[in-house]
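Open the model in a viewer and keep the selection panel at hand.

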Amino acid sequence: MSLDALPPLRDALAEHGLLAKKAFGQHFLLDLNITRKIVRLAGLTPGDRVIEVGPGPGGLTRALLEASLRVTAIEKDQRFGPLLKDLAQATDPGTLTLVFADALSVEESVLMAGEPGHVVSNLPYNVGTALLIKWLTGPWMPASMTLMFQKEVAQRIVAPVNGQAYGRLAIIAQATCEAHTVMDVPARAFTPPPKVESAVVRLRPRTDRPSPGRLEALQRLTAAAFGQRRKMLRTSLKGMVGEPLIEAAGLDPAARAETVSVDGFLRLADAWIAAR
Ligand code: SAM
């Protein structure tokens, strides 16, 4: 069987008696026009290796395979096994690798066997942020990420300094990657529709990505600074960084965390590392 000959996704779900499970954050994209658009936005080259978390019924997986990408799909819900095996059989051997596991605990570098890998996923909302942090902070970092999140999370990833959504997630994401929202997706595009709107974010690693030590310092400082978001830096960072160090980083000790740019936090991380 070829990909073209596969039954429509709705029929494949019905044939296998599959209904969405809320506990697994299951909201399916059954319109191939949307999944094909997401794959186009990922901007990949035929033959590239891709990790897809949560293929579910395989709508996005089909679009990835149509684009001649080599896909490793990680699914936690074993019920999708037979349906996804039908999909694997419709492609050349080795094109679609199925892994039934929790994506939070897999070792991507082992799955990719040393080759660079991209991530393209309609992420389960309940673990989307945890997965993004895992990929941003390493040890394995994707060559690019094209990820569907609930819109509020997408806004927190791309938020500019001084914006309402600006916080730890924006700083870690933007210190490590160029991050842009590339597509808004209304709730009605999913089956069943979620209560919130969604958006696709594309992230590409920066060439000047911080070292692991710098990134760890950044995580600790932003946790303290945004843990008391309304307080001045001199108060929220008390016990970690004194006023002279804050000033040495070119920052005002009376400033609040939400007014400090990503570069400002990176300078603070450097000053803190140098003083330890
Ligand atoms: N990609 C499909 C689509 O677009 O129609 C399904 C997306 S649905 C939002 C999320 C998928 O992730 C579900 O298939 C769910 O079973 C799976 N999932 C949830 N938690 C997971 C985890 N920790 N590891 C791997 N897959 C997970």
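**Stop 1: the two domains.** The C-alpha centres of domain 1 and domain 2 are 34 Å apart. To colour them, select 3-205 as domain 1 and 212-275 as domain 2, the bounds given by the domain assignment of the chain. Keep in mind throughout that this is a predicted model.

**Stop 2: the interface.** Show the residues of each domain that touch the other. The contact takes 14 residues from domain 1 and 15 residues from domain 2. About 1,100 Å² is buried between domain 1 and domain 2, and carbon and sulfur atoms give 68% of that area. On the side of domain 1, select Tyr-166, Arg-168 and Ile-171: these lose the most area to domain 2, and together they make up 46% of what that side buries.

What holds for polar pairs here? Between domain 1 and domain 2 there are seven residue pairs in polar contact, counting pairs with both residues at pLDDT 80 or more.

Next, select helices H6 (128-137) and H8 (168-176). Each of the two supplies at least two residues of the side of domain 1 that touches domain 2. Which element gives the most to that side? H8 does, with six residues. Colouring the side of domain 1 that touches domain 2 by class gives six nonpolar, seven polar and one charged residues.

Start with Arg-36 and Glu-66, a salt bridge whose closest N and O atoms are 2.7 Å apart. Show helix H2 (residues 32-42) for Arg-36 and helix H3 (residues 59-66) for Glu-66; the pair links distant parts of the chain, 30 residues apart.

Move on to Asp-102 and Lys-76, whose side chains meet in a salt bridge at 3.9 Å, N to O. This pair ties together parts that are 26 residues apart in sequence, because Asp-102 lies in the loop between strand E4 (96-100) and helix H5 (108-112), and Lys-76 in the loop between strand E3 (70-75) and helix H4 (81-89). With a relative accessible area of 28%, Asp-102 is partly exposed. Lys-76 is partly exposed as well, at 48%. A value over 50% would have counted as exposed.

Now select helix H7 (residues 151-158). Glu-152 and Arg-156 both lie in this helix, four residues apart, which is about one turn. These two residues form a salt bridge, with their closest N and O atoms 3.1 Å apart. Glu-152 has a relative accessible area of 40% and is partly exposed; Arg-156, at 30%, is partly exposed too.

**Stop 3: a network.** Finish by selecting Arg-49, Arg-70 and Glu-115 together. What links these three residues? They are joined in a network of salt bridges.

Key
Residues numbered from 1 in each chain as written. Predicted model: local features only at pLDDT ≥ 70, side-chain atom pairs only at ≥ 80, totals over all residues. Heavy atoms only, no water. Domains from an automatic or database assignment. Contact = heavy atoms within 4.5 Å. Buried area = accessible area lost by both parts, 1.4 Å probe. Polar contact = N/O pair within 3.5 Å; in protein donor to acceptor, adjacent residues only side chain to side chain. Nonpolar A, V, L, I, M, F, W, Y, C, P; charged D, E, K, R; others polar. Salt bridge = Lys/Arg side-chain N within 4 Å of Asp/Glu carboxyl O. Buried < 20%, exposed > 50% of the residue type's maximum accessible area, 1.4 Å probe, protein only.
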